[in-house]
Each structure stands twice: as C-alpha cells, then as structure tokens.
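Please read them with the model open beside you.

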Amino acid sequence: MQYGICHLSVVPVRSIADDTGEMVSQILYGEHFKVIESRKTWSKIRLAFDQCEGWVPNNQLVHMTQNDYDAIEAKEKRKYAADLISFVTSKESVLHPLVLGSSVHTADILGHRFEGSYFENEQDKSSLIQTALLYLNAPFLWGGRTPFGLDSSGFTQMTYKVNGYRLKRTALAQSGQGEALSFIEESEPGDLAFFDTKEGVIDHVGIVMENNYIIHCHGKVRIDRIDHTGIFNTEANRYTHTLRVIKKII
C-alpha cells in the first residue's frame, strides 16, 4: 500500500484516469490519502477524510510513508485554514496558496510553515452558520469543495469539516448520518435538510438557519426560504427543491 498527501492548493479527483473524466471531488492542501492503484501517469486514491475514491495525476501528488500517514491519523489537534485565501511558506521561502478549509495541521510533513488564522478541533454548533456564510455566493461546481466552486454536498461537508465534524461526500451518503427529525419545527440552525428528485433519489442538501431560512448551493451558495414542502426561491417565485428529511448531525 502506498500513501500520499496533497501539496497543492486543490487537486481534482476524477472518475476515470483521464483529464476529460468527470470531477467527482477535490483534494485540498494537506489532506492525506491511500493510493489503491497506480498507473504510469495516474493513481487511484482513497481520501482519508471521507473515503471518497477517484483518479488523480501522479504529478499532482506527493508520496509519504505509512508512518507519516499514521501520524496524521493519530493527531488529536486538527487545524483548518480559516481565511478565504492564505499561504504556507516552504523551506526556500516560497509561498504556496491555500483555500478555506485546507488541512494545515499536516504542513510540517510537507516541510511548510503556516502562520495564518485557523479553526481547531470541534466548534460549537452555533458556529456552523457563521462558517457557512463564508461561502455565500460561491459558484456551483460539480465535485467542488472550495469557495471558488463547490456542489451542495461539498458545501455542507466543508462547513462541517472546518468546525471539526466529518460528513461523507455526497448528499445521499450524508443523508445516512445523524438523527432524523419528524417536523421542521424541531430543527435547529446547523441541521441538514435533504431534498429528492421525482424518482425519490436524494440529490441535494442544505443547512437550516433561523426563522425558516436555509443556506445551500444552487447555482451559487444562497439563502432561501424553507417549509414542509421544500425550498422556495423568492426570486423565481417557485419551489426549487422538494424536502425529504431533516437530520440532526450534532
């Protein structure tokens, strides 16, 4: 088994070993993974954070030892970059850009120094909405996990991640976590609301706010109304998503 870590700001994870493949997710700086298959120019990886699998180019990953991998897994204090853009500095005093939510507690393994603001360990549930608002107006990007492009489950995953909690990668997978609530009135800010298609497949997720509002990524990260029916977009004057279930994760 081989092991790796992301030394760049963000690396696409693709469904096939080709640049034209669908981007199913992204690896952010400092995130570590197992290499489960190697080819001449591509490797299939399994991200430690959410077990997401996909293909990345070999020239966009750095290998590390199992001891380093295990040391990261054993770290009790996990730090995530708190600014929209920040930097680490290499031993050669070269700056490397990072995005919000990057794993800076692993910078030392890459020989980098981080001196910016960060979130550390588990935060109170009340901080989830404050974090979510940092992504406001970020554009929708299928497979994305950064303020410069993300999908609905990438948005909820990253909001929870920087506050010290793990969500799985897709809306469907996230819907299997936590405790289901019977009524929307039982929800609290920070709970997750899931929405399904006409065929009953969960394909969208957002974060419940106060006073029957929800923040979610649809075209961009935006705030809309929510009720028992679903999400009501006041600009379009119609419901855009049908509510399936609300889950309490924390």
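How do the residues of the lining of the largest pocket divide into nonpolar, polar and charged?

1. The lining of the largest pocket divides into 9 nonpolar, 10 polar and 5 charged residues. Here Ala, Val, Leu, Ile, Met, Phe, Trp, Tyr, Cys and Pro count as nonpolar, Asp, Glu, Lys and Arg as charged, and the others, Gly among them, as polar. Before going on, note that this is a predicted model, in which local features need pLDDT of at least 70 and side-chain atom pairs count only at pLDDT 80 or more, while totals for chains, interfaces and linings use all residues. Residues are numbered from 1 along each chain as its sequence is written, and side-chain values use heavy atoms, with hydrogens and water left out.

2. The largest pocket has a volume of about 440 Å³. Among the 24 residues that line this pocket, W142, D151, S152, S153 and D203 are the closest to its centre. Two or more lining residues come from each of α3, α4 (171–174), β17, β18 and β21 (238–248). Helices (H or I, at least four residues) and strands (E, at least two) are DSSP runs, numbered from the N terminus. A pocket is an open set of points on a 1 Å grid over the protein atoms alone, with protein on both sides within 12 Å along at least five of seven lines; a cavity is a set where a 1.4 Å probe fits but cannot get out, and lining residues have an atom within 4 Å of a point. Points are joined across faces, edges and corners, and a volume is the space filled by probe spheres set on them.

3. The structure holds 1 cavity of 30 Å³ or more. The largest cavity has a volume of about 100 Å³. Its lining has 13 residues, of which E31, H32, F49, R78 and S103 are the closest to the centre. This lining divides into 4 nonpolar, 5 polar and 4 charged residues.

4. The largest nonpolar core has 29 residues, and Y135, L150, F155, L192, I207, I215 and V221 have the most contacts inside it. At least two core residues come from each of α2 (127–134), α3 (152–162), β16 (192–196), β17 (202–208) and β18 (213–218). The most come from α3, with 4 residues. A nonpolar core is a set of buried Ala, Val, Leu, Ile, Met, Phe, Trp, Tyr and Cys residues joined through side-chain atoms within 4.5 Å. Buried means under 20% relative accessible area (1.4 Å probe, protein chains only), exposed over 50%, and partly exposed in between.

5. In α2, the buried residues are S127, L128, I129, T131 and A132. These pack against β12 (118–120), α3, β17 and β18, where contact means heavy atoms within 4.5 Å.

6. Strand β4 (residues 32–38) pairs with β5 (residues 42–47) in the antiparallel sense over 5 bridges; two strands pair if DSSP finds at least two bridges between them. E37 stands opposite K44 in β5, and a hairpin of 3 residues joins the two strands. On to β6 (residues 53–57), β5 again has 5 antiparallel bridges, and W42 stands opposite P57. The β5–β6 hairpin has 5 residues between its strands, and Q51 in the turn has a positive phi of about 65°.

7. An open antiparallel sheet of 3 strands has the order β10-β9-β11. Strands β10 (95–99) and β11 (113–114) each have a single partner, so one side of each is left without a neighbour in the sheet.
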